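Open the model in your viewer and switch to a cartoon view.

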Amino acid sequence: MSHKRGIAWPLENNEDSTDIFPEDRIRWFYNWSADKRSNRNTEFVPMLWTGNENDANQLGEKVRSQGASHILGFNEPERTEQAHISPGDGARIWKQYVEPLRGQGIRLGSPSIASTEEGLNWLQAFLNEGCQIDFLALHWYGRGVDNFIGYITNVRERFGSQYSVWVTEFACTSWNRNEPVHQDEINQFFEQSLARLDGTDWVERYAWFGAMRHLPDDLGSGNCLIGGDGQLSELGRK
Ligand code: BGC
C-alpha cells in the first residue's frame, strides 16, 4: 500500500468507523477537524476548518497533545458554504496562531482551495499577504486523469515548485445527476490517478472523496468507498 494514501473521514458518518479501513491500507487520515476522535494508531492530521479565533487559539495545544507533525488549513475558504473567510482575515489568523507552529517543527498545509478561479485567486491573495506554508492542499473533482494531474501540476507551477502537494479531496464526477459517471470509469480513474500520484515525487499524500456510504446524486454514489451494507465497496477495496 502506498505511503501516500489516506482517508478523509466525514464526522457526520455516524454509521461507520474509521476502523473499516485496515491499518495496512491507509497511512494517515484527517476528518476536517482538529480532534482525532478515534483510538486508531494511524497518523492523524488536524485541520483548522475555519478562521474561528477560538479554534485557532486551541490548535497549538491540540497539535501537541495529539503528537501531530502536519496540519491542514481552512477548508475551501473562498466558498460561502465552507470556511468562508477573506484572504486578509485568514492571513491575520494564520500569522497569529498557525505560523508559530512551524517553529515547533510542524509542517503547514495551505488552506484547501477548490479547483476554481475563486479558489486560486483566494490562495494567491493569501500568499501575497506573506503567509508561510510548507505544502499545497488541493481539491479536484471532474473527469479524466490527465485533466486532474494537469491541474495539480499547473497549480504547483503557479504558486511555486518549492511546495509539495497533498490532494485532500478528489473524485470522478460529471457534477450532473442526470448523467452519472459509469462505475467502470470511476474505477479506472481511481486506479490510474493513484498510480500517477504515487509516481509523482512532489505529491506527498492524497485522500479520495469519499469514505462514506452515501454521496449527493450530482457527485455520484459510485465514488463511495463504503457500500450500503457497511463493508468496503469494490472501490474501497482497491
Ligand atoms: C466539509 C466537511 C464534511 C465533508 C464530508 C466537506 O466538504 O467541509 O465538513 O465533513 O465535506 O461531507
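Which elements make a right-handed β-α-β unit with β7? Select β7 together with helix α5 (residues 183-198) and β8: these three form that unit. Keep in mind throughout that this is a predicted model.

**Stop 1: strand β7**

Select residues 164-172. This is strand β7, and eight of its nine residues are buried, so the rest of the structure largely encloses it. Here, buried means that 20 or more other C-beta atoms lie within 10 Å of the residue's own.

**Stop 2: the β8 side**

β7 and β8 run parallel and are joined by three bridges. Now bring back α5. This helix lies across β7 and β8, and runs at about 175° to β7.

**Stop 3: the β6 side**

Select residues 135-142, strand β6. β6 pairs with β7 over eight bridges, again in the parallel sense. Next, trace the chain out of β6. The path goes through helix α4 (residues 145-159) and on to β7, a right-handed β-α-β crossover. α4 lies across β6 and β7, at about 150° to β6.

**Stop 4: where the helices meet**

The crossing is right-handed. Which residues of α4 and α5 make the contact? On α4, pick V145, F148 and I149; on α5, pick F189, Q192, S193 and R196. Colour this set by class and you get four nonpolar, two polar and one charged residues.

**Stop 5: the whole sheet**

What is the order of the six strands in the open sheet? Read across: β3-β2-β1-β8-β7-β6, with parallel pairing. Finish at the edges, where β3 (43-44) and β6 stand. Each has a single partner strand, so one side of each is left without a neighbour in the sheet. For β6, that partner is β7, the strand where the tour began.

Definitions and conventions
Residues are numbered from 1 along each chain as its sequence is written. This is a predicted model: local features need pLDDT of at least 70, side-chain atom pairs count only at pLDDT 80 or more; totals for chains, interfaces and linings use all residues. A residue is buried if 20 or more other C-beta atoms lie within 10 Å of its own, exposed if 12 or fewer, and partly exposed in between; C-beta atoms are placed from the backbone. Helices (H or I, at least four residues) and strands (E, at least two) are DSSP runs, numbered from the N terminus. Two strands pair if DSSP finds at least two bridges between them. A crossover is right-handed if, with the strands pointing away from the viewer, the path from the first strand over the helix to the second runs clockwise. A crossing is left-handed if the near helix is turned anticlockwise from the far one by less than a right angle, and right-handed if clockwise. Two residues are in contact if their C-beta atoms, placed from the backbone, lie within 7 Å. Ala, Val, Leu, Ile, Met, Phe, Trp, Tyr, Cys and Pro count as nonpolar, Asp, Glu, Lys and Arg as charged, and the others, Gly among them, as polar. Axes are lines fitted to C-alpha atoms, for helices over the stretch in contact, and angles run from 0 to 180 degrees between N-to-C directions.
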